[in-house]
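Colleague: I would like to learn how to read a fold from its parts. Can we take the sheet, then the helices, then the ligand?

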Amino acid sequence: MIEVNHLSKRYGDQIAVDAVSFRCEPGTITGFLGPNGAGKSTTLRMICGLTPPTSGEALVCGVPYRSLPVPGRRVGVLLDASAQHAGRTGREVLALSAQVLGVAGARVEELLDLVGLAGPAARKRVRGFSLGMRQRLGIAHALLGEPEVLILDEPANGLDPEGIRWMRHLLREHAARGGTVLLSSHLLHEIERTADRLVVIAGGRVVGRGGRDEILAGGGDLEEEFLRLTGRRHVIEEVEQ
Ligand SMILES: Nc1ncnc2c1ncn2[C@@H]1O[C@H](COP(=O)(O)OP(=O)(O)OP(=O)(O)O)[C@@H](O)[C@H]1O
């Protein structure tokens, strides 16, 4: 469960996130959408205790993220796939975190296999990884502590079509087991297929929130609805004229 209550972040004169509220329930995948600079990453960083909010609060499993005794056991986070130590191999990255989380070494091998980084890839240093391989390692890292909540910022970035499909199944299975998923992405078609709930923000404010079918009840696709909600449709129409 994730609860975001009137969360705001101000940088100087600029309000990056403005009284954002939403909930992500167990057993659901929530797609978090918005144009560039809308405030998605800032919101996710505040939920994960990396950026202090100016006001409001975010609770994960009922408490602020930083109050969880071993956060990686409750919440799997992927915010920046390039944040891993470039000089370590994929196996080393996971083995170090497994020690911190008190996770058995066998889980590292299981995850390398699950994300397609077993064999020679596991011995390669992260600096030699493609973007897709970094994302796969980041997803393995998020899953390491068998958390019930997953918070993923653009996890499909750099994945090939097979990888995107694999991730969709992985997230659906996680939700089917009662897990909670919050997923930001610019891949609207993918979000439309994966998420069952949507939160749309623009200019730091929530402009749409609800079940996917409810939001798409007008009969349009998610791209149309996204452009309407975020007030960008007229910009596209001007460009197309
Ligand atoms: N550390 C910071 N200092 C100052 N301004 C910031 C900082 N971090 C984010 N911002 C500003 O806050 C706004 C929201 O940024 P954020 O990265 O949350 O957007 P986003 O929705 O994740 O965008 P994108 O889709 O491009 O990744 C932007 O205007 C950004 O410039």
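**Reading the sheet, the helices and the ligand shell**

Modeller: This is a predicted model. Begin with strand order: 3 strands make an open sheet, ordered β2-β1-β4, with antiparallel pairing.

Colleague: Which strands stand at the edges?

Modeller: Look for strands with a single partner. Here they are β2 (14–24) and β4 (55–60), so one side of each has no neighbour in the sheet. From one strand to the next, the twist averages 20°.

Colleague: How many bridges join β1 to β4?

Modeller: Strand β1 (residues 2–11) is joined to β4 by 5 bridges, and the two run antiparallel.

Colleague: Now α3 and α4. At what angle do their axes cross?

Modeller: Helix α3 (residues 90–101) and helix α4 (residues 105–114) have axes that come within 9 Å and cross at roughly 140°. An angle over 145 would count as roughly antiparallel. The pair is therefore oblique. The crossing is right-handed.

Colleague: Which residues meet there?

Modeller: From α3, Gly90, Arg91, Leu94, Ala95 and Ala98; from α4, Gly105, Arg107, Val108, Leu111 and Leu112. That contact divides into 6 nonpolar, 2 polar and 2 charged residues.

Colleague: Last, the ligand. Which helix gives the most to its shell?

Modeller: Helix α1 (residues 40–47), with 3 residues. The residues around the ligand include Tyr11, Asn36, Lys40, Ser41 and Thr42. By class, the shell has 3 nonpolar, 6 polar and 1 charged.

Note on methods. Residues numbered from 1 in each chain as written. Predicted model: local features only at pLDDT ≥ 70, side-chain atom pairs only at ≥ 80, totals over all residues. Near = placed C-beta within 6 Å. Helix = DSSP H or I, 4+ residues; strand = E, 2+ residues; numbered from the N terminus. Nonpolar A, V, L, I, M, F, W, Y, C, P; charged D, E, K, R; others polar. Axes fitted to C-alpha atoms, helices over the stretch in contact; angles between N-to-C directions. Parallel < 35°, antiparallel > 145°, perpendicular 65-115°, else oblique. Left-handed = near helix turned anticlockwise from the far one by under 90°. Contact = placed C-beta atoms within 7 Å. Pairing = 2+ DSSP bridges.
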